[in-house]
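Please open the structure in a viewer and keep a selection tool at hand.

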Amino acid sequence: MAKQNEPLVKHIYTADPSAHVFEDKIYIYPSHDLEHDGEDNDNGDQYKMEDYHILSMDDVDAPCVDHGEALHMKDVPWVSGQMWAPDAAYKNDTYYLYFPARDKDGIFRIGVATSKRPEGPFTPQENYILGTFSIDPAVLVDDDNKAYIYFGGLWGGQLEKWQNNSFKSDAADPDPAGPALGPRVAELSDDMLSIKEIPREILIVDEDGRTITAGEEDKRYFEGPWMHKYNGKYYLSYSTGSTHTLVYAVGDSPKGPFTFKGKILDPVIGWTTHHSIIEFKGKWYLFYHDSSMSDGVNHLRCVKFRELKYNADGTIIPMKPYED
Ligand code: FUB
């Protein structure tokens, strides 16, 4: 049986959970961490993932089922390695799996695969989505049926190397005193297989309207965007990376700007933190991961979940990962 704050599955290592409610169940689209003895570095070489397994739960206290391999990199023509954090969406009577991976030139791009079932198997498109880059796609299908893809991650995810939508392999990190890099957003085409526009950078500001700087490492965007709606507002949540915290910002439009609000989850065991937020049967849940199952090995992680609550003013009540 699934239990809050405990690994959802223990027979494989899983990370980066993107949860969705499909067909009245919870489906979880995680990364699949693999054991290996390669190098652990800021380039993310330790995250050597090759495939995806989709998980599901009929309810929050039901068993978590692994539906087996839904997509493997050997079946994706454009991929050379590192199938990182995916997300899924449902539209046009079809389930779409969005996933980042390195292309044949070693550049991270975002691909899409389709299925008639939420658990797959998924059939990939021949090429990545033209105009996309970097990592960690998250897709919102809004109430008006328009869909948006959010993506981007620094360092291993190469976001700082994309300047004016072109790749500069020797680009430096942003100046700590200057504006932080934002995640990117683009509206998806109606068939969900391409983007309608050049991705634009999302602006995150503080309560006074001042742009968050790159040096504000406890607030600035690093990776792992997630978008959800609560009481008509758009909540952009993400990982701060080097300060290992999940935080959020709120806005009135799916493309922002967003105003920084604060913490969702304190640091977990392991370097990365990555999450999703869903409503299920009238309650809200945070899906996240840590490296507790491997006693702290950064690239051997396990997916967990816990209830998330709001204050009356719409702010999220911050959580500590190892306290109820
Ligand atoms: O799982 C590989 C990478 O680690 C993800 O893409 C990041 O969000 C971080 O969790």
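What follows is a tour of pockets, strands, cysteines and backbone features in a predicted model.

**First stop: the largest pocket**

Select His20, Val21, Leu140, Val141 and Ile278, which are the closest to the centre of the largest pocket among the 20 residues that line it. By residue class, the lining of the largest pocket consists of 14 nonpolar, two polar and four charged residues.

**Second stop: the second largest pocket**

Next, select Gly44, Tyr47, Glu223, Trp271 and Thr272. Of the 23 residues that line the second largest pocket, these are the closest to its centre. The volume of the second largest pocket is about 310 Å³. Its lining is made up of nine nonpolar, eight polar and six charged residues.

Now display β21, β22 and β23 as a cartoon. These three strands form an open sheet in the order β21-β22-β23, with antiparallel pairing. Which strands stand at the edges of the sheet? They are β21 and β23 (302-308); each has a single partner strand, so one side of each is left without a neighbour in the sheet. From one strand to the next, the twist averages 25 degrees.

Within this sheet, select residues 283-290, which make up strand β22. Seven bridges connect β22 to β23, and the two strands run antiparallel. To view one pairing, select Trp284 together with Leu308, its bridge partner in β23.

Select Cys64 and Cys302, and show their sulfur atoms. How many disulfides does a search of the whole structure find? The search finds zero. The cysteine sulfur closest to that of Cys64 belongs to Cys302 and is 12 Å away, too far for a bond; a disulfide would require the two sulfur atoms to be within 2.5 Å. The relation also holds from the other end, as the closest cysteine sulfur to that of Cys302 is in Cys64. Cys64 has a relative accessibility of 16% and counts as buried. Cys302, at 0% relative accessibility, counts as buried.

Select Gly120 and Pro121, which are joined by a cis peptide bond with omega of about 5 degrees. Pro121 belongs to the loop between β8 (108-115) and β9 (123-124). Then move to Gly256 and Pro257, where a cis peptide bond is also found, with omega of about 5 degrees. The loop that holds Pro257 runs between β19 (246-251) and β20 (258-265).

Select Asp16, a residue of strand β1. Phi of Asp16 is near 55 degrees, a positive value in a residue other than glycine. Is Asp16 buried or exposed? Its relative accessibility is 6%, so Asp16 counts as buried.

Finally, select Asp295, in the loop between β22 and β23. Asp295 is not a glycine, yet its phi is positive, at about 55 degrees. With a relative accessible area of 75%, Asp295 is exposed.

Terms used
Residues are numbered from 1 along each chain as its sequence is written. This is a predicted model: local features need pLDDT of at least 70, side-chain atom pairs count only at pLDDT 80 or more; totals for chains, interfaces and linings use all residues. Side-chain values use heavy atoms; hydrogens and water are left out. On a 1 Å grid over the protein atoms alone, a cavity is a set of points where a 1.4 Å probe fits but cannot get out, and a pocket is an open set with protein on both sides within 12 Å along at least five of seven lines; lining residues have an atom within 4 Å of a point. Ala, Val, Leu, Ile, Met, Phe, Trp, Tyr, Cys and Pro count as nonpolar, Asp, Glu, Lys and Arg as charged, and the others, Gly among them, as polar. Grid points are joined across faces, edges and corners, and a volume is the space filled by probe spheres set on the points. Two strands pair if DSSP finds at least two bridges between them. Helices (H or I, at least four residues) and strands (E, at least two) are DSSP runs, numbered from the N terminus. Axes are lines fitted to C-alpha atoms, for helices over the stretch in contact, and angles run from 0 to 180 degrees between N-to-C directions. Buried means under 20% relative accessible area, exposed over 50%, partly exposed in between (1.4 Å probe, protein chains only).
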